[in-house]
Amino acid sequence: KAFERAELDAMLREARTPKVHDWLVNYVVKKSPHVEELRQAWFADPDPVVASAGWALTADRVAKKPDGLDLDKLLDVIEAEMKDAPDRLQWAMNHCLAQIGIEHAGHRARAVAIGERLEVLKDYPTPPNCTSPYAPVWIAEMVRRR
């Protein structure tokens with residue numbers, strides 16, 4: 001909580017290893033009073049690794065504090081850009097797509113349809129007893145569990 005916005009931004013840009021990047025976002029940035037400012041700035045960043053942090057924070061907001069988010073606009077961007085996004089950005093966008101489908105019943109059919117049409121992570125190797133990251137399967141399984 002003591003880190004300034006600029007310090008967190010600099011740390012994220014230096015954290016190029018995926019595990020370090022994810023740990024920083026999940027255990028430091030999410031607890032920061034600057035989280036929303038950083039989410040918005042990173043979301044629009046031209047660096048796909050930085051943008052993936054913005055999408056990860058957006059997926060968290062979709063699940064926990066969706067007020068003020070335009071879910072239709074997020075789905076529009078996912079539909080237009082996720083298929084050709086670099087791997088880490090694609091993964092974060094897919095997570096956001098799944099969270100929209102899981103948490104927001106009114107958007108579930110569209111989220112599933114986007115996932116089916118784009119087929120992102122459809123063939124991702126998934127161990128037995130684990131849920132596939134393919135959004136239509138992920139959404140259906142998480143909704144079933146509730």
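Reader: Why is Cys96 called buried?

Author: In this predicted model, Cys96 has a relative accessible area of 0%, and because buried means under 20% relative accessible area, exposed over 50% and partly exposed in between (1.4 Å probe, protein chains only), Cys96 counts as buried. Local features need pLDDT of at least 70 and side-chain atom pairs count only at pLDDT 80 or more, while totals for chains, interfaces and linings use all residues. Residues are numbered from 1 along each chain as its sequence is written, and side-chain values use heavy atoms, with hydrogens and water left out.

Reader: What makes Cys130 count as partly exposed?

Author: The relative accessibility of Cys130 is 47%, so Cys130 counts as partly exposed. As for disulfides, meaning pairs of cysteine sulfur atoms within 2.5 Å, a search of the whole structure finds 0.

Reader: Why is Leu75 called buried, and what does Leu75 touch?

Author: Leu75 has a relative accessible area of 0%, and therefore it is buried. Its place is in helix 5, residues 71-81, where helices (H or I, at least four residues) and strands (E, at least two) are DSSP runs numbered from the N terminus. Contact means heavy atoms within 4.5 Å, and, not counting residues up to four places away in sequence, Leu75 touches Leu97, Ile100, His107, Arg110, Ala111 and Ile114.

Reader: What makes the pair of Glu79 and Arg110 a salt bridge, and which parts does the pair tie together?

Author: The side chains of Glu79 and Arg110 meet at 3.1 Å, N to O, in a salt bridge. Glu79 lies in helix 5 and Arg110 in helix 7, so the pair ties together parts that are 31 residues apart in sequence. At 29% relative accessibility, Glu79 counts as partly exposed. Asp72, Asp76, Glu79, Arg110 and Arg117 are linked in a network of salt bridges, and a search of the whole structure finds 16 salt bridges.

Reader: How do you know that Glu141 forms a salt bridge with Arg145?

Author: The closest N and O atoms of Glu141 and Arg145 are 2.8 Å apart, and the pair forms a salt bridge. Both residues lie in helix 8 (residues 135-145), 4 residues apart, about one turn of the helix. Glu141 is also one of the buried residues of helix 8, together with Ala135, Pro136, Trp138 and Ile139, and these buried residues pack against helix 6 (87-103) and helix 7.

Reader: Why is Val120 called buried?

Author: Val120 has 5% relative accessibility and therefore counts as buried, and it is found in the loop between helix 7 and helix 8. Not counting residues up to four places away in sequence, Val120 touches Met82, Lys83, Gln90, Asn94, Gly115 and Tyr134.

Notes. A salt bridge is a side-chain nitrogen of Lys or Arg within 4 Å of a carboxyl oxygen of Asp or Glu.
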